[in-house]
Amino acid sequence: MQLWPLYEEQDEEIYMKIPEGFNEYYQGILEGKVLKLNKALDDLKQSGRLWYQMLENGLVEMGLRQSSFDSCAYIEVDQNKDVVIVTIYVDDLLIFSNSVKLKN
């Protein structure tokens, strides 16, 4: 499972101005037009939200559940009482576990 692809599908339409020099390359046929982005890029305002949504979906797919006391903590407890806790701080993850098997 790939959690963090460089470009992610977005759930809304985003348009951008044509970059300088791009219109000249296409001999002016793009004059007065805009470009529609099909994938989210790193520098968009929405990039952080899309990254978090992908991360959250991946953690849930792996069996972790969001903590009721902290929305940035995800927890899994297996039948042997082994625990793994994943915490998110900005774009860093901290992984805690009493089991090497679960941590890996």
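Residues are numbered from 1 along each chain as its sequence is written, and side-chain values use heavy atoms, with hydrogens and water left out. As this is a predicted model, local features need pLDDT of at least 70 and side-chain atom pairs count only at pLDDT 80 or more, while totals for chains, interfaces and linings use all residues.

Q: Which element has the highest mean pLDDT?
A: pLDDT is the predictor's confidence in each residue, from 0 to 100. The protein averages 77, and 71% of the residues score at least 70. Residues 1-7 stay under 50. Among the elements (DSSP runs, with helices H or I of at least four residues and strands E of at least two, numbered from the N terminus), helix H1 (residues 22-25) has the lowest mean at 67, and the highest, 94, belongs to E3.

Q: In what order do the four strands of the open sheet come, and which stand at the edges?
A: Strands pair if DSSP finds at least two bridges between them. The pairing here is antiparallel, and the order is E3-E4-E5-E6. Each edge strand has a single partner, so one side of it is left without a neighbour in the sheet; those strands are E3 and E6.

Q: How many bridges join E5 to strand E6?
A: Two of the facing pairs are Ile 85 with Phe 96 and Ile 88 with Leu 93. The hairpin of these strands has two residues between them, and Val 90 takes a positive phi near 60 degrees there. E5 and E6 (residues 92-97) run antiparallel, and the bridge count is six.

Q: Which residue stands opposite Glu 76 in E5?
A: E4 and E5 pair in the antiparallel sense over five bridges. On E5, the uncovered face holds Val 83, Ile 85, Thr 87 and Tyr 89, whereas the covered one holds Val 84, Val 86 and Ile 88. The residue opposite Glu 76 is Val 84.

Q: Is Lys 81 buried or exposed?
A: Lys 81 is found in the loop between E4 and E5, and its phi is positive, near 65 degrees. Most residues other than glycine have a negative phi. Buried means under 20% relative accessible area, exposed over 50% and partly exposed in between (1.4 Å probe, protein chains only). At 65% relative accessibility, Lys 81 counts as exposed.

Q: Which backbone nitrogen lies 3.1 Å from a polar atom of the side chain of Ser 67?
A: Ser 67 sits in the loop between strand E3 (65-66) and strand E4 (73-77), and it is buried, at 7% relative accessible area. Not counting residues up to four places away in sequence, Ser 67 touches Ala 73 and Ile 75, where contact means heavy atoms within 4.5 Å. The Ser 67 side chain also reaches the backbone nitrogen of Asp 70 at 3.3 Å. The nitrogen at 3.1 Å is that of Phe 69.

Key. Polar contact = N/O pair within 3.5 Å; in protein donor to acceptor, adjacent residues only side chain to side chain.
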